[in-house]
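Take a look at the protein below.

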Amino acid sequence: DTDRALLDNQRAKFIALYPKIDTYVSYQAPNYFLKAGDFRSLLEAERLKNQLLKDFPTSFVVKELVNLPRIDHE
């Protein structure tokens, strides 16, 4: 979106629903993009995208370099 405040609200909503998934904001004029997750495979990314479509209908998978996913120690 071109509205940073709207993007920040969507990011907060995403974090509330998926607190263990990292989020990133990028800017490519004139739009801000909210990116979520660092997946090792396209299949992992597609699984999350399918879950997100109800709350975030414009979700799509972007192929790029990622950070390695966190390992949760319990």
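A residue is called buried when its relative accessible area is under 20%, exposed when over 50%, and partly exposed in between, using a 1.4 Å probe and protein chains only. At 8% relative accessibility, Leu52 therefore counts as buried. This is a predicted model, where local features need pLDDT of at least 70, side-chain atom pairs count only at pLDDT 80 or more, and totals for chains, interfaces and linings use all residues. Residues are numbered from 1 along each chain as its sequence is written, and side-chain values use heavy atoms, with hydrogens and water left out.

- Leu52 sits in helix H2 (42-52); helices (H or I, at least four residues) and strands (E, at least two) are DSSP runs, numbered from the N terminus.
- Leu52 touches Phe14, Tyr18, Pro57 and Ser59, not counting residues up to four places away in sequence; contact means heavy atoms within 4.5 Å.
- The largest nonpolar core has 5 residues: Phe14, Tyr18, Leu48, Leu52 and Phe56. Such a core is a set of buried Ala, Val, Leu, Ile, Met, Phe, Trp, Tyr and Cys residues joined through side-chain atoms within 4.5 Å.
- Leu48 is in contact with Tyr18, Ile21 and Phe39, leaving aside neighbours within four places in sequence.
- Ala45 also belongs to helix H2. Its relative accessible area is 12%, so Ala45 is buried.
- Ala45 contacts Phe39 and Val61, with neighbours within four places in sequence left aside.
- Between the C-alpha atoms of Ala45 and Phe60 there are 9.0 Å in space, and the two are 15 residues apart in sequence.

**Two buried residues with polar contacts**

- Thr23 lies in strand E1. It is buried because its relative accessible area is 10%.
- The side chains of Thr23 and Arg11 make a polar contact at 2.8 Å. A polar contact is a pair of N or O atoms within 3.5 Å; within protein, one must be able to donate a hydrogen and the other to accept it, and residues adjacent in sequence count only if both atoms are side-chain atoms.
- Asp38 is in the loop between strand E2 (31-36) and helix H2. With a relative accessible area of 9%, Asp38 is buried.
- The side chain of Asp38 makes a polar contact with that of Tyr24, at 2.5 Å.

**After H2**

- Is Asp55 buried or partly exposed? At 26% relative accessibility, Asp55 is partly exposed.
- Asp55 is found in the segment after H2. Leaving aside neighbours within four places in sequence, Asp55 is in contact with Lys13 and Leu17.

**A cis peptide bond**

- Ala29 and Pro30 are joined by a cis peptide bond, with omega about 5°.
- Pro30 is in the loop between E1 and E2.

**The largest pocket**

- The largest pocket holds about 1,100 Å³ of space. On a 1 Å grid over the protein atoms alone, a pocket is an open set of points where a 1.4 Å probe fits, with protein on both sides within 12 Å along at least five of seven lines; lining residues have an atom within 4 Å of a point.
- Of the 36 residues that line this pocket, the closest to its centre are Leu34, Lys35, Ala36, Phe60 and Val62.
- Helix H1 (4-17), strand E1 (23-28), E2 and H2 each give two or more residues to the lining.

Definitions and conventions
Grid points are joined across faces, edges and corners, and a volume is the space filled by probe spheres set on the points.
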